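Subject: Structure for you to look at

Hello,

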Amino acid sequence: MDLYRERLWATPWLFISTLLVIPAVMLVFAPINFAVGVVLAIAIYVAFAIFLVATAPVIRVTKEELVAGHARIPLGLVGEPTAFRGDDATLERGRRLDARAWLLIRGWIKPVVKVPVVDQDDPAPYWLLSTRNPDQLVRVLDEARLSS
């Protein structure tokens with residue numbers, strides 16, 4: 001059973017801005033065949049939109065583990081998480097970022113949660129996760145971590 005679940009969907013502006021692929025493809029193919037240009041332009045845009053939806057990662061917290069994308073870690077191996085917003089989130093994703101950290105960040109989601117890894121054998125000192133609900137994720141992680 002999931003205590004927390006969030007899919008990191010792409011924002012609507014990303015789908016809108018990628019509409020520019022339609023005139024670009026038509027510009028290439030319209031001189032050859034206008035109908036083919038229109039069909040290819042729409043097909044390429046639809047394929048890109050499907051790709052964005054299909055590859056949106058999920059963050060989940062269960063009673064036993066934290067799952068972020070394809071990675072999993074038992075809650076017994078995580079420390080106290082911290083939420084970051086605004087300029088602090090930008091610093092965590094940039095200048096304060098440890099190159100060894102495990103990342104699940106998306107450029108269109110500004111807040112992040114830093115989850116320390118207390119396993120001495122793990123090369124990653126922490127996980128940095130993009131989330132639209134950082135306070136809720138921190139609260140659920142703390143509750144699940146302390147009850148396990």
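First, the ground rules. This is a predicted model, in which local features need pLDDT of at least 70 and side-chain atom pairs count only at pLDDT 80 or more, while totals for chains, interfaces and linings use all residues. Residues are numbered from 1 along each chain as its sequence is written, and side-chain values use heavy atoms, with hydrogens and water left out.

Salt bridges. The term means that a side-chain nitrogen of Lys or Arg lies within 4 Å of a carboxyl oxygen of Asp or Glu. Counted this way, there are 10 salt bridges.

Asp2 takes part in a salt bridge with Arg5, where the closest N and O atoms are 3.7 Å apart. It also forms one with Arg60, at 3.2 Å between the closest N and O atoms. This second pair links distant parts of the chain, 58 residues apart: Asp2 is in the segment before β1 (4-7), and Arg60 is in strand β2 (residues 58-61). Helices (H or I, at least four residues) and strands (E, at least two) are DSSP runs, numbered from the N terminus.

For accessibility, buried means under 20% relative accessible area, exposed means over 50%, and partly exposed is in between (1.4 Å probe, protein chains only). Asp2 is partly exposed at 33%, whereas Arg5 is exposed at 52%.

Another salt bridge joins the side chains of Glu92 and Lys114, with 3.3 Å from N to O. Glu92 belongs to helix α4 (residues 86-93) and Lys114 to strand β7 (residues 112-116), so this pair ties together parts that are 22 residues apart in sequence. Glu92 is buried, with a relative accessible area of 2%, and Lys114 is partly exposed at 22%. Both residues belong to a network of salt bridges that links Asp88, Glu92, Arg96 and Lys114.

The helix residue. Where does Asp142 sit? Asp142 is in helix α5 (residues 134-147), and it is buried, with a relative accessible area of 18%. Its side chain makes a polar contact with the side chain of Arg145 at 2.9 Å. A polar contact is a pair of N or O atoms within 3.5 Å; within protein, one must be able to donate a hydrogen and the other to accept it, and residues adjacent in sequence count only if both atoms are side-chain atoms. Setting aside neighbours within four places in sequence, Asp142 is in contact (heavy atoms within 4.5 Å) with Glu80 and Pro81.

Regards
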